[in-house]
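Dear colleague,

Please find below the structure that I am handing over to you. A summary of the findings follows it.

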Amino acid sequence: MVMGKAAIFTEPFHFEITELPPPPVEPGGILIKITSAGICGSDLHYWRGDLKPIIPKGKQGPVIMGHEMAGIVDTLGQGISTDSMGRPLKEGDRVVYTYFQPCRRCYICMRGELNNCPSRFDFRASVEEYPYCSGGFSDYYYLRPGHFVFKVPDELPEEAVAGVNCAVSQVIYGLHQSGMRMGDTVVIQGAGGLGINATAAAKEMGAGQVIVVDGLANRLELASNCGADETIDLSNFVTAESRVEKVRELTGGWGADVVVEVVGFPQVVPEGLEMLRKGGTYVEIGNIWPNSSVSLDISKILWGVTRIVPTVHYDPYILPVALDFLVRAKEKYPILDVMSHKFPLEQIEQAFKQAEWSGKDKGTSVTRALLVP
Ligand SMILES: [Zn+2]
Ligand SMILES: [Zn+2]
């Protein structure tokens, strides 16, 4: 039997490379041969042990991390011949897919909120339970029957597609949910993988001005090249007050229409809220782990008529939207540079360490690290 390599997460800061059998493919299922997987900020949280339990449902046990990934169709189950858009699908085709699977049989799915389905997880399950390969840091990944899957346009290189099902889709969905309109000013807090994509996506959606806030010069430079009209460097604007003041200055004193939080530290939230105009919208994406506590003056939310839009996962239709966006964006911006580092799967520990250091050591700054089986 052909075995597949997998990096098993055994305990914080530790992986073991092992071999797993690919699962038998059910009618309607698809076995994916992974071509690349990105290390997302949430993977770093699990790696450090910040987030528990790592397995959302089912047997707790060793697990394959990684959810931001792309691959090719290795085996098509019986009865499946098209992708989720009805386009012919065959073995060998490049595809992306949601890393979660809404059950479509619960109250929340019935309300049309597929991204909020409480049973939506199928990734990061125990490697001891079928279908074993439920994570991205592996040779194989299994899509159960009914999974949302989309063919990848030929013109997109591999570095472009690995981030589609998390970083790119997440920020496009967040901007959609914000109700952003043509001409709006959008502030992006954080110029990592999500922030860079959010910058280009906001421009593509018609933002009049995009302002990006970060502390690393190379990330801000990439943000500028990817459409940011203005950048605010934490090394020059060291206090929250000075950054808020700068945003007010850039918006004629009014404040931004939309602020998107993709830093993942709760301390930035009060500052981001202060950057909004009255009636503005705060899109919260980054603070995913428990006890992300921060103190907020609710009267400011009330009198500021501030909308806070928490955005978790996305509607599956966002995936083909994200692919089309990348086809257009790569002609205009060096958006593919987001994938700044590549490591073979065997070097997963080094890849995680380097991604972790990125905020601390400016010499080895990683915007996004890719693992290639
Ligand atoms: Zn992610
Ligand atoms: Zn459901």
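This is a predicted model: local features need pLDDT of at least 70, side-chain atom pairs count only at pLDDT 80 or more; totals for chains, interfaces and linings use all residues.

Residues are numbered from 1 along each chain as its sequence is written, while chains are lettered from A and ligands numbered from 1 in the order in which they are written.

Helix H4 (residues 164–178) packs with helix H5 (residues 193–204) at an angle of about 50°, their axes being 8 Å apart (axes are lines fitted to C-alpha atoms over the stretch in contact, and angles run from 0 to 180 degrees between N-to-C directions). H4 and H5 are therefore oblique to each other. Their contact includes Val 168 and Leu 175 of H4 and Asn 197 and Ala 201 of H5 (C-beta atoms, placed from the backbone, within 7 Å).

H5 also packs with helix H10 (residues 318–332), at about 90° and with axes 11 Å apart, which makes H5 roughly perpendicular to H10 (65 to 115 degrees; angles under 35 are roughly parallel, over 145 roughly antiparallel, and the rest oblique). Ala 200, Ala 201 and Glu 204 of H5 meet Phe 325, Arg 328 and Ala 329 of H10.

In helix H11 (residues 348–357), the buried residues are Ile 348, Ala 351, Phe 352 and Ala 355 (20 or more other C-beta atoms within 10 Å of the residue's own). They cover an arc of only 95° around the axis, so they lie on the same side of H11 (the arc is that of the directions from the helix axis to the C-beta atoms). Among the elements covering them are strand S1 (4–11) and helix H1 (41–48); helices (H or I, at least four residues) and strands (E, at least two) are DSSP runs, numbered from the N terminus.

Yours sincerely

How values were computed:
A residue is buried if 20 or more other C-beta atoms lie within 10 Å of its own, exposed if 12 or fewer, and partly exposed in between; C-beta atoms are placed from the backbone. Two residues are in contact if their C-beta atoms, placed from the backbone, lie within 7 Å.
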